[in-house]
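Subject: Structure handover

Hello,

Here is the structure for your files. My notes on helix packing and charged pairs follow below it.

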Amino acid sequence: MEVMGRTAAHNWAKLFLEFNQGRYKSARQFAEAKGLNYDRLKKEFKKLKDQGQNGGEKQPQNGGKKGQKKGAEKSPPKEKGQNNNAWVKLKKQLLTGLLKNWRLI
């Protein structure tokens, strides 16, 4: 297994299988026992876990929906004169409340 011109220092798949045998209480304890960097171990184990769930295929982080907006459905067109601005609604509620208090409505 070569990575950018040099051989890999560890066989992560083998280490992952050894860790999953359950002899260690935590990944941190396993890393310390093997003399590995804990952050690197977490990163490599996460890659292996993701490969196992996806059948070896790497999944894009955005879920494979590149270029698609979240709300794919279009909202209905606004009627002319309709204003859905939050400040306009608040102003209308305030004025309506004041007019009711003065018993003008």
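A residue counts as partly exposed when its relative accessible area lies between the buried limit, under 20%, and the exposed limit, over 50%. Asp50, at 32%, is therefore partly exposed. Please keep in mind that this is a predicted model.

**Salt bridges**

Asp50 pairs with Lys46. Their closest N and O atoms are 3.3 Å apart. Both residues sit in helix α3, four residues apart, or about one turn of the helix. Lys46 has a relative accessible area of 53%, so Lys46 is exposed.

Next, Arg40 and Glu44. Their side chains form a salt bridge at 3.0 Å, N to O. Helix α3 spans residues 38-53. Arg40 and Glu44 are four residues apart in it, so about one helical turn separates them.

Glu44 also forms a salt bridge with Lys47. Here the closest N and O atoms are 3.7 Å apart. The spacing in helix α3 is three residues, so Glu44 and Lys47 too are separated by about one helical turn.

Taken together, Arg40, Glu44 and Lys47 are linked in a network of salt bridges. Is Glu44 buried or exposed? Glu44 counts as buried, because its relative accessibility is 9% and the limit for buried is under 20%. Its two partners are another matter. Arg40 is partly exposed, with a relative accessible area of 42%. Lys47 is partly exposed as well, at 43%.

As background, side chains of opposite charge can pair when their charged atoms come close.

**Helix packing**

Helix α1 covers residues 12-19, and helix α2 covers residues 27-34. They pack at an angle of about 125°, and their axes are 11 Å apart. That angle makes α1 oblique to α2. The crossing of the two is right-handed.

Which residues of α1 and α2 make the contact? From α1 come Leu15, Glu18 and Phe19. From α2 come Ala27, Phe30 and Lys34. By class, the contact has four nonpolar and two charged residues, and no polar ones.

Best regards

Definitions and conventions: Residues are numbered from 1 along each chain as its sequence is written. This is a predicted model: local features need pLDDT of at least 70, side-chain atom pairs count only at pLDDT 80 or more; totals for chains, interfaces and linings use all residues. Side-chain values use heavy atoms; hydrogens and water are left out. Axes are lines fitted to C-alpha atoms, for helices over the stretch in contact, and angles run from 0 to 180 degrees between N-to-C directions. Angles under 35 degrees count as roughly parallel, over 145 as roughly antiparallel, 65 to 115 as roughly perpendicular and the rest as oblique. A crossing is left-handed if the near helix is turned anticlockwise from the far one by less than a right angle, and right-handed if clockwise. Contact means heavy atoms within 4.5 Å. Ala, Val, Leu, Ile, Met, Phe, Trp, Tyr, Cys and Pro count as nonpolar, Asp, Glu, Lys and Arg as charged, and the others, Gly among them, as polar. A salt bridge is a side-chain nitrogen of Lys or Arg within 4 Å of a carboxyl oxygen of Asp or Glu. Buried means under 20% relative accessible area, exposed over 50%, partly exposed in between (1.4 Å probe, protein chains only).
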